[in-house]
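User: Please take a close look at one part of this model. I want the local backbone and its surroundings.
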Amino acid sequence: MFKYLAPLVLFIVMAIFLALGLNLNPRDIPSPLINQAAPDFSLPVLGQTGRVLTKDALIGDVWIFNVWASWCGSCRIEHPIFNQLAKKKLVTLVGLNYKDEPEAAKQWLAQLGNPYDISVMDQEGRTGIDYGVYGVPETFIIDKKGIVRYKHTGPVEVYDMQNTLIPLIKQLQAEI
Amino acid sequence: MNFIKSLVLLLLSMASYTAVAVEYRKFDQPEQEAVYKVLIEELRCLVCQNQTIADSNAELAQDLRRQVYEMLQQGKSKDEIAEFMTQRYGDFVLYNPPFKAKTGLLWIGPVVFLVIGLVMLFLFTRRKRNTQNIKLTEEEIKQKTKIRNLLNDEAEQ
């Protein structure tokens, strides 16, 4: 009996491992920042010469930190979804304009719409490194105490927005 | 022979290419330069996941090399820099991750599979030997010679 069952069991085990392997996204690297304080930054605001935004100014709000760039192709995929989110006025949307030219960035927003309450410029990519950014677009959700609660790598799609981001934002808004 | 020659040439040209990818960095102390070289070979480029930041010319790899260089200039140690990177990118950024609960499977996995393989090899070879040593009954011996004879007849024809 064992003789006949062994290859079958072996096959099933291997099939399970391979199926798991195929369904995991190798680009999805778990962020060590989850449940840690969001790294500090102090960056110039896009489109407002001389103004600087720091992380501490956002304490007390639930905010989304969305890493984008005009050179980033897949940012165009998620952009309309963020435009829709902005219309709902549910949450503060902060853009991290990552390693971009300010002029190109402004043009991009003018063309596709600007969902952000404010965008800061990280031209040297240092804040990007502090946030562990490796694949634009990336999206962080940060709670009222300034703790990173969620990270999404790659474009946010309608499904993610409806089923993960918005419920989490509502939950965090309800926290004191 | 020609094939080998061209292969060697190809490999050599690739080696010089990766050398070009890494920008020139000036160090005051040779020890720092040595640490720099070790570190950029040990840190993973997260954009192009199977390359080190020394091998890759992706923007992120360039930025991370700059970060390593600057931290060394500030007098940070190798461990401090590795810690800095792990805090931001997780253990995945290290090609040589530390042994702990999370990375345990990674380190022990191959050994476990080797042991499973050896145990199976042992079990299967032993079973085979057992089947060869089985004593045949008289009836079976008769049948066996009968079969032999039949086969031999066939061969002669």
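Where in chain A is K99(A) found? Please go on from there to the core.

Analyst: This is a predicted model, in which local features need pLDDT of at least 70, side-chain atom pairs count only at pLDDT 80 or more, and totals for chains, interfaces and linings use all residues. Residues are numbered from 1 along each chain as its sequence is written, while chains are lettered from A and ligands numbered from 1 in the order in which they are written.

K99(A) is found in the loop between β4 (92-98) and α3 (102-112) of chain A. Helices (H or I, at least four residues) and strands (E, at least two) are DSSP runs, numbered from the N terminus. Phi of K99(A) is positive, near 50 degrees, and the residue is not glycine. K99(A) is buried, with 20 other C-beta atoms within 10 Å. The cut-offs are 20 or more such atoms for buried, 12 or fewer for exposed, and partly exposed in between, with C-beta atoms placed from the backbone.

Y98(A) is one of the contacts of V136(A) beyond four places in sequence; the others are V67(A), W68(A), A69(A), C72(A) and C75(A). Contact means C-beta atoms, placed from the backbone, within 7 Å. A cis peptide bond, omega about 0 degrees, links V136(A) to P137(A). P137(A) sits in the loop between α4 (126-130) and β6 (138-142) of chain A.

Now the core. V136(A) and V68(B) touch the most other members of the largest nonpolar core, which has 55 residues. Helix α3 (residues 59-73) of chain B gives this core its largest share, 6 residues. Such a core is a set of buried Ala, Val, Leu, Ile, Met, Phe, Trp, Tyr and Cys residues joined through C-beta atoms within 7 Å.

Definitions and conventions
Contact = placed C-beta atoms within 7 Å.
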